[in-house]
Amino acid sequence: MQKILSITILLSLALSLSALAFRDGEKLVFDVRYGLVSAAEATLEVKSDVYRGREVWHLSTKARTYPFFDVFFRVRDTVESWWDKESLLPHKFAKNLQEGTYRQHRIHHFDHNQKSTTYQKWSFKDKRFNSEQLEIPITTQDVLSAFYHVRNQELKPGKRLTMSITSDGRSLSTDIVVHRREKVKSIFGTIQCLVIEPKLKGEGVFKQSGKITIWITDDAFKIPVKLESAVTFGSFVATLKTAENVPYIIK
């Protein structure tokens with residue numbers, strides 16, 4: 001009886017881990033507007049990869065201002081995560097930000113068995129990494145993997161998820177609040193969405209300095225179609241303009 005129960009638990013866990021909200025090769029491209037101006041393009045992409053012999057999801061996001069906007073505020077941001085396919089925990093997280101005169105290059109190497117991370121912070125003055133060993137909660141995510149982790153959860157208005165997110169040399173308990181349902185015009189037509197808000201206590205994917213709101217499809221896929229956020233240079237709205245390997249037809 002005990003063995004049957006254990007097998008049932010393992011099968012349930014395996015099924016829950018395989019029921020991912022995204023497809024291999026999913027690529028989402030957003031038009032980023034600053035006020036009334038179309039200022040930049042941002043992408044979210046997920047692909048199968050191998051990291052130190054482990055099968056992983058290589059998650060990445062890139063943001064790049066258009067040439068005409070570079071004169072006012074040049075952005076070249078790249079953020080990556082190597083997320084284990086089996087445990088759905090990150091092995092490595094790398095963030096390289098160039099926003100105006102601001103520069104940041106930081107890396108986390110995770111060892112979940114030892115509940116630790118090696119945090120590397122690049123010194124542009126000394127031209128080298130400064131490293132330190134830090135303790136982490138065993139189930140911690142990074143900023144990017146946390147978003148894909150949320151997409152795998154059952155969400156409904158009023159629900160609040162709490163998770164540990166490790167970034168920039170510290171682990172913080174972070175809440176993700178599901179506010180309401182709302183219909184949004186998108187490249188898939190008018191679609192029902194959930195409006196969620198990550199209550200980040202540190203810097204996010206960009207050098208975020210304020211509230212961030214995300215509209216995701218209210219279904220099993222939870223595809224982000226719109227995002228509003230405050231950053232160092234003001235506020236922006238990102239709207240999904242193209243998508244690859246998604247279960248929707250672009251209209």
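User: How many of the 9 residues of E4 are buried?
Analyst: This is a predicted model, in which local features need pLDDT of at least 70 and side-chain atom pairs count only at pLDDT 80 or more, while totals for chains, interfaces and linings use all residues. Residues are numbered from 1 along each chain as its sequence is written, and side-chain values use heavy atoms, with hydrogens and water left out. Strand E4 covers residues 76–84, where strands (E, at least two residues) and helices (H or I, at least four) are DSSP runs numbered from the N terminus. E4 is mostly covered, and with buried meaning under 20% relative accessible area, exposed over 50% and partly exposed in between (1.4 Å probe, protein chains only), the number of its buried residues is 7.

User: Which residue of E5 stands opposite valine 79?
Analyst: E3 and E4 run antiparallel and are joined by 9 bridges, two strands being paired if DSSP finds at least two bridges between them. Across that pairing, threonine 61 has valine 79 in E4 as its bridge partner. Valine 79 also has a residue opposite it in E5, and that residue is lysine 95.

User: Over how many bridges do E4 and E5 pair?
Analyst: Threonine 78 has asparagine 96 as its bridge partner in E5. The hairpin of E4 and E5 has 5 residues between the strands, and there leucine 88 takes a positive phi near 55°. The pairing of the two strands is antiparallel, and the count of bridges is 6.

User: Which residue takes a positive phi in the hairpin of E5 and E6?
Analyst: E5 pairs with strand E6 (residues 102–111) in the antiparallel sense over 8 bridges. Glutamate 99 has tyrosine 102 in E6 as its bridge partner. The hairpin has 2 residues between the strands, and the positive phi, near 65°, belongs to glycine 100.

User: Is arginine 52 buried or exposed?
Analyst: Most residues other than glycine have a negative phi. Arginine 52, although not a glycine, has a positive phi of about 50°, and it lies in the loop between strand E2 (37–51) and strand E3 (54–65). Because its relative accessibility is 72%, arginine 52 counts as exposed.

User: What is the relative accessible area of lysine 222?
Analyst: Lysine 222 is another residue that has a positive phi of about 50° although it is not a glycine. Its place is the loop between strand E12 (208–217) and strand E13 (224–231). Lysine 222 is buried, because its relative accessible area is 8%.

User: How far apart in space are the C-alpha atoms of asparagine 130 and tyrosine 119?
Analyst: Asparagine 130 is found in strand E8 (residues 128–135), and at 34% relative accessibility it counts as partly exposed. Its contacts (heavy atoms within 4.5 Å), leaving aside neighbours within four places in sequence, are Tyr119, Gln120, Lys121 and Ser123. Asparagine 130 and tyrosine 119 are 11 residues apart in sequence, and their C-alpha to C-alpha separation is 8.2 Å.

User: What distance separates the C-alpha atoms of proline 198 and phenylalanine 147?
Analyst: Proline 198 is found in strand E11 (residues 189–199), and its relative accessible area of 16% is why it counts as buried. Leaving aside its neighbours within four places in sequence, proline 198 is in contact with Asp175, Ile176, Ile212 and Ile214. Proline 198 and phenylalanine 147 are 51 residues apart along the chain, and the distance between their C-alpha atoms is 9.1 Å.

User: What percentage of the residues in the protein are buried?
Analyst: The protein has 3 helices and 14 strands. Among its contacts with a separation of 6 or more, 46% are accounted for by residues 24 or more positions apart. Of the 251 residues in the protein, the buried share is 46%.
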